[in-house]
Every structure is written in C-alpha cells, then in structure tokens.
Amino acid sequence: MDSRKKNLIEEMKKLRSIKADDGFKFALRKRMFEEAGKSFVINMSGSRHHSQQASNLQKIFINLLPKKQNMFLPLLLIAALLGSSAGATYASQSSLPGETLYPVKLATEKAQTVLNVNDNAKEADLHIKFSEKRLYEIDALAQKGEAKLELVREAVDKYKEELSEAKNILTSASVVGSDQSIQIAKSLADATNHSKETLVKISGEVDSDDALDILKDAWKEAVEHNDIATIELLKSLTSDMTAAANTTSTTNTVANTNTADTTISTAATGTQNQAAVTTSTNQAVVAVPVQDQQSQNMVNNKMAEASHKISEAERYIVKKESRGADVGAAKIKIAEAKTLLADSQNLLNQAKYTEAFLRAKDAHRAAQIAKESLENDHKDKNHKEEDGDDDENIFVLPAAISDTSASNSSTGTASVRSETDYDQDNDDEDKKEKKHDKEKEEDHD
Amino acid sequence: MKRDNEVNKNNNSLDDLMTNYNELVDQIFRFIYLKTNKKEVAEDITQECFLSTIKYLGENEVQNMRAFLFKTARNKVIDYYRQKNRVIYSDEAVLANEKISSHDDVMVKQDAKMVAEKLNLLGEEDRDVLMMRYLEDLDIKDIAEAIGKNQMATRVQIFRALRKMKNLI
C-alpha cells in the first residue's frame with residue numbers, strides 16, 4: 001500500500017474521537033432495559049421460544065444493569081407480579097414521595113419482603129434498609145425545597161412502620177436467643193443511630209414547626225428502637241460472657257486483668273477466682289473484655305443521655321420556677337430520676353449491663369416526664385416563644401461517654417436567647433464536638 | 001493493522017452486545033453521524049438501531065452482533081433518507097452538495113475535517129466500507145455481512161473505494 005493510502009487511513013482514524021454522549025448512552029441503556037422488559041412480560045406465557053428468549057433477556061438484564069445492583073430476578077419477578085413494566089420498576093427505584101413512580105417503588109419494596117419471609121435476617125435487613133430510605137427521601141425532598149408537610153408525614157409514618165416490622169422480627173420467638181439475634185440487633189442499632197444523624201441534618205433543612213414536630217416524632221421512634229436493639233444486644237452479649245466465664249472457671253486460670261473480669265466470673269459461677277497472673281491468658285478471658293467494653297459503652301451512652309436529660313429538665317424547672325410555676329412535683333420526679341441514674345451506675349459496676357441499661361432508660365424517662373409536666377402547664381400561645389428554645393434540644397446526637405456535664409448544645413434553629421446563653425452554648429458545643437469526634441475515633445477499631 | 005478483537009467469537013453474540021455496549025454505541029453512533037452529519041439525527045437513529053435489535057433478539061438469535069448492528073444502521077439511515085423524500089440513492093448518485101451544506105460538524109475535530117469532507121464525496125457504500133474497515137476495524141467477514149456481499153466482492157469494494165478517495169485530493 002503506498003504512502004498516500006497510508007496517510008488517508010491515518011487521517012480516517014482521527015475520526016475516532018467522535019463519540020456518543022454519556023448521557024445519551026445512559027438514557028439509551030435505560031430504554032433498552034424497558035424494551036427488553038416489555039417483551040419479557042408480554043411473552044412470558046406460552047411462547048415457543050420461551051426458554052431461549054428468557055435466557056437472552058436474562059443476559060440483557062444482567063449486563064445492562066449497573067454492576068452493583070444485580071437485581072434481575074427480584075425486579076422482573078416483581079414487575080411480573082405487579083403487572084407493571086420492568087422499566088418502570090427499574091426507574092422507580094430512585095423516585096421520591098410525590099412523584100408518579102413512587103408507589104411502584106413502595107410496591108417493589110413490599111414485594112421484596114414478601115419474597116423473603118422465610119429468612120428472618122434477610123427480611124429484617126430489608127425493613128431496616130427501607131426505613132433508612134424513607135429518611136433519605138425526606139432529606140432529598142428537603143434539599144430540593146419540596147418537603148411538603150403531607151409528604152413528610154407519610155414518609156415518617158412509613159419509617160415508623162418499617163422500624164416496627166424490624167422490631168417484631170427481632171423480638172419474635174424464633175429469633176430471640178439465636179445467632180441471628182445479635183446480627184439483627186446490631187443492624188437495627190446501627191441504622192437507628194444513623195437515623196438520628198439524618199434527622200439532625202433534615203431538621204436543619206426544614207423551616208416549618210409542624211415539619212419539625214413530625215421529625216421529632218421520628219426521632220423518638222429512632223431512640224426507642226435503638227434502645228430495643230441495644231437491650232437485645234446486651235442480653236445476647238451477657239449470655240455470651242457468661243458462657244465464656246464458665247469456660248474460664250473450669251480451666252481455672254484467671255488473669256486478673258481488670259475488675260470487670262473478676263466480677264463476671266464471680267457473678268456467673270459463684271466461685272472464687274484464682275488470682276493467678278499468667279501471661280498465657282486463655283481465649284475466654286481475652287474475648288470477654290471486648291464484649292465487656294462494648295456493653296459498657298452502650299450502658300454509658302444511655303446513662304449520659306439520661307444525665308443530659310436530667311440537667312435539661314433541671315434548667316427548665318429553674319426557669320419555670322422563676323415565672324411562678326408550681327414545680328414541686330417536677331422536682332420530686334427529678335430526684336427520682338437521679339436515684340435511678342445512681343442505681344444504674346451501681347448495676348454497671350456489677351456488670352449487670354442489661355439491667356443497668358434499663359435503669360438508665362428509666363432515669364431518662366423520669367426526667368422527661370418531669371419536664372413535660374411543666375410544659376403542659378403553660379401550653380398557651382403567649383408563652384410559645386419562650387418554650388420554643390427548650391424543644392429544639394431534642395435533636396442532639398448521643399453525648400460522648402465522658403460528658404456528664406450535660407451541655408446545652410443544640411443543633412436546632414435559633415430562638416429567643418440572651419447573649420450569655422449563646423456564648424455558653426458555643427463553648428459547650430465545641431467541647432461536645434471534640435468529645436464526639438474522640439468517641440468516633442475510639443469506635444474505629 | 002487489525003486490532004485485537006476483544007469480541008470473543010466463541011461467545012453468544014448477545015454477550016457481545018451487552019458486554020461491549022459502550023463501545024458498540026460509540027461505533028454505531030459515529031458511523032451514523034458520519035453518514036448523516038447531524039448529531040441529533042445520529043442519536044435518534046442509533047437509538048432506533050439498538051432498540052429494534054433488542055426487539056429482534058426477543059424472538060431470534062443473532063450470530064454476528066457487530067455485523068448485524070452495522071447492517072441495521074445502514075438500513076435505518078436509508079430509511080431516514082427515504083422518509084425525507086430524498087432521491088433513492090445508488091452507488092453512483094452522490095448527494096454531495098446537500099450533505100455538505102447540511103453539516104453541523106460539531107463533532108469533527110479540526111484536523112479530521114479534511115478527511116471527513118473527502119468521505120462525504122464518496123458514494124454511500126464506498127464510504128460505508130471504508131469507515132467499517134479503517135475507522136471501526138471490522139473484519140472483512142463482518143463487513144461482507146453488513147453490506148450483503150461476499151467476501152471477495154467486499155475486498156474489491158474496499159480497494160476501489162480507497163483508490164477513489166486517494167484520487168479525490
């Protein structure tokens with residue numbers, strides 16, 4: 001081939017820079033999926049090419065869908081079940097409340113849970129995942145400025161439903177005491193903690209008080225379910241530790257590493273432990289402190305929450321008192337809360353973690369009641385703006401373990417405050433952030 | 001000169017379509033664009049190609065996916081021109097003037113403009129085979145299938161097309 005021809009060919013190759021737009025490719029792919037789905041659904045029954053076609057389309061789906069989510073079977077099955085096109089099903093996955101395809105999305109989710117009734121862990125996971133989705137949807141709406149009250153309410157309702165379903169599974173007879181229990185409990189605990197963060201974020205994005213009320217409702221639900229999950233976890237961990245402690249005592253080698261260990265074996269087996277300081281610590285002793293630490297953390301967190309609530313209530317009482325309200329009953333309630341908290345500490349020292357946790361929860365509740373009893377007294381509009389700055393504290397992330405000097409840091413919207421309050425808050429908020437960060441670091445093991 | 005064809009001929013051609021989706025879309029789009037010189041039109045026709053291929057695959061097997069796609073693309077472009085009431089083209093009838101005036105050329109880089117224009121002056125089939133052969137690196141076998149001729153005839157066509165283009169300077 002002569003050089004001129006060669007040149008021509010080189011020139012032609014330069015045209016390779018012409019490509020289709022990414023957006024175009026993406027959209028086309030979606031449409032191909034839709035097209036394939038149409039044929040599949042329509043021809044599902046009684047085509048003589050059925051098996052060939054099915055395998056063809058299966059390959060199309062497997063390769064057209066983004067690699068991460070290979071949802072071929074569930075989606076198509078669901079589409080077939082629902083009689084909607086596979087394309088709509090696929091497209092609905094990212095839809096938000098208020099959009100046309102949103103009901104399809106919900107139906108898809110429901111179908112997924114239906115498909116997994118036999119697998120407790122899987123089903124619980126789905127409910128937990130869906131609950132998180134509900135909050136993300138509100139977040140997305142809020143960011144677009146489309147977080148209408150009705151939509152938020154609906155989403156939160158669904159959020160609560162999903163949590164409830166997960167709880168039901170967790171507390172069902174077949175799950176309690178099983179291996180799945182820890183797994184599901186951990187999932188639920190993590191998800192609800194994450195929910196709190198999401199709710200804090202959303203609360204910063206919405207303006208209306210009504211919306212905030214609804215979000216508070218969601219928050220309470222998150223806390224409640226987090227508690228439930230934590231309790232199940234503690235129960236499971238405690239029984240693990242008991243088992244481990246038993247092994248320890250039978251082999252009769254106990255390294256006196258910390259008092260908690262000692263307490264456990266004593267409590268569990270009632271035997272005296274040998275204070276043998278050996279380097280060859282057996283496995284049981286090594287395993288126990290870790291779970292120990294986890295349990296302690298969980299209890300401490302709850303106690304910190306309770307302590308925070310108590311302080312908050314106390315401040316509120318002082319304020320109300322200065323306005324002439326009758327705070328006698330409330331003060332008694334606070335005293336009760338403090339007693340419960342002290343009780344909780346005792347139980348913690350005895351390594352009775354589950355009970356300690358429950359006691360701390362009670363303390364929190366008592367403080368809450370104390371505060372609420374006073375709120376009811378002044379529920380009229382005139383005092384609304386003064387009451388406002390107390391409610392915003394609900395959106396506070398779990399305090400750090402060492403933070404017992406409950407600071408009044410709030411992430412809510414601004415309200416009527418004095419200058420000194422504001423300064424105090426800034427300081428406390430800094431402290432809180434540092435401790436929170438520190439806690440996050442510690443959790444990274 | 002033939003690059004390593006990552007399309008494994010042993011596989012089902014459907015796999016070819018799916019696993020090489022991105023690459024194939026680019027190829028078909030480019031091919032159609034250079035024939036029609038309008039980006040939107042090229043996108044529409046590309047879309048039609050792939051969608052009709054999917055439909056077709058619902059009932060049929062396709063052995064050679066790449067050839068099939070190019071064949072479809074060629075047919076779709078013919079349909080497009082027919083729809084627009086163009087004179088039915090043949091190898092000899094060149095609508096060069098019209099094509100050049102309706103360039104949008106947004107996609108062709110400066111240094112490639114020359115060759116793009118030369119290509120436009122060729123007959124449809126001449127241009128097609130050159131693009132398939134040198135731009136898209138298709139096998140002779142594939143090109144033959146795409147244009148509906150035997151392999152020998154295809155080789156001859158390519159040879160002659162290249163010579164014509166050389167002489168156009």
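Trainee: Which residues of H8(A) and H9(A) meet, and what makes that a contact?

Mentor: From H8(A) come A:Tyr159, A:Leu163, A:Ala166, A:Ile169 and A:Leu170, and from H9(A) come A:Ser181, A:Ile184, A:Ala185, A:Leu188, A:Thr192 and A:Ser195. They count as being in contact because contact means heavy atoms within 4.5 Å. This is a predicted model, in which local features need pLDDT of at least 70, side-chain atom pairs count only at pLDDT 80 or more, and totals for chains, interfaces and linings use all residues. Residues are numbered from 1 along each chain as its sequence is written, chains are lettered from A and ligands numbered from 1 in the order in which they are written, and side-chain values use heavy atoms, with hydrogens and water left out.

Trainee: Why is H8(A) called roughly antiparallel to H9(A)?

Mentor: Helix H8 (residues 149–170) and helix H9 (residues 179–203) of chain A pack at an angle of about 160°, with axes 10 Å apart. Angles under 35 degrees count as roughly parallel, over 145 as roughly antiparallel, 65 to 115 as roughly perpendicular and the rest as oblique. The pair H8(A) and H9(A) is therefore roughly antiparallel. The axes are lines fitted to C-alpha atoms, for helices over the stretch in contact, and the angles run from 0 to 180 degrees between N-to-C directions.

Trainee: What is the hand of the crossing of H8(A) and H9(A)?

Mentor: H8(A) passes H9(A) in a left-handed crossing. That term applies if the near helix is turned anticlockwise from the far one by less than a right angle, and right-handed applies if clockwise.

Trainee: Which residues does A:Val156 contact, leaving aside its neighbours within four places in sequence?

Mentor: A:Val156 is in contact with A:Ile138, A:Ile214 and A:Ala218. For A:Glu165 and A:Ile128, the C-alpha separation is 8.6 Å, and they are 37 residues apart in sequence.

Trainee: Why are H7(B) and H9(B) called roughly perpendicular?

Mentor: Helix H7 (residues 124–135) of chain B packs against H9(B) at an angle of about 100°, with the axes 9 Å apart. That angle makes H7(B) and H9(B) roughly perpendicular to each other. On the H7(B) side the contact residues include B:Val129 and B:Leu130, and on the H9(B) side they include B:Ala161 and B:Met165. By class, the contact of H7(B) with H9(B) has 7 nonpolar, 1 polar and 4 charged residues.

Trainee: How do you know that B:Lys166 is buried?

Mentor: Its relative accessible area is 14%, so B:Lys166 is buried. It belongs to helix H9 (residues 151–167) of chain B. Not counting residues up to four places away in sequence, B:Lys166 touches A:Asp2, A:Arg4, A:Lys5 and A:Leu8.

Trainee: What is the phi of A:Ala351, and what is that of B:Asn37?

Mentor: A:Ala351 has a positive phi of about 65° although it is not a glycine. Phi of B:Asn37 is near 60°, also positive in a residue other than glycine. A:Ala351 is in the loop between H13 (328–349) and H14 (353–377) of chain A, and B:Asn37 is in the loop between H2 (21–36) and H3 (39–59) of chain B. At 13%, A:Ala351 is buried; at 3%, B:Asn37 is buried.

Trainee: How many helices and strands are there in chain A, and how many in chain B?

Mentor: Chain A has 16 helices and 0 strands, and chain B has 9 helices and 0 strands. Helices (H or I, at least four residues) and strands (E, at least two) are DSSP runs, numbered from the N terminus. Buried residues make up 44% of the 445 residues in chain A, and 56% of the 169 residues of chain B.

Conventions. Buried < 20%, exposed > 50% of the residue type's maximum accessible area, 1.4 Å probe, protein only. Nonpolar A, V, L, I, M, F, W, Y, C, P; charged D, E, K, R; others polar.
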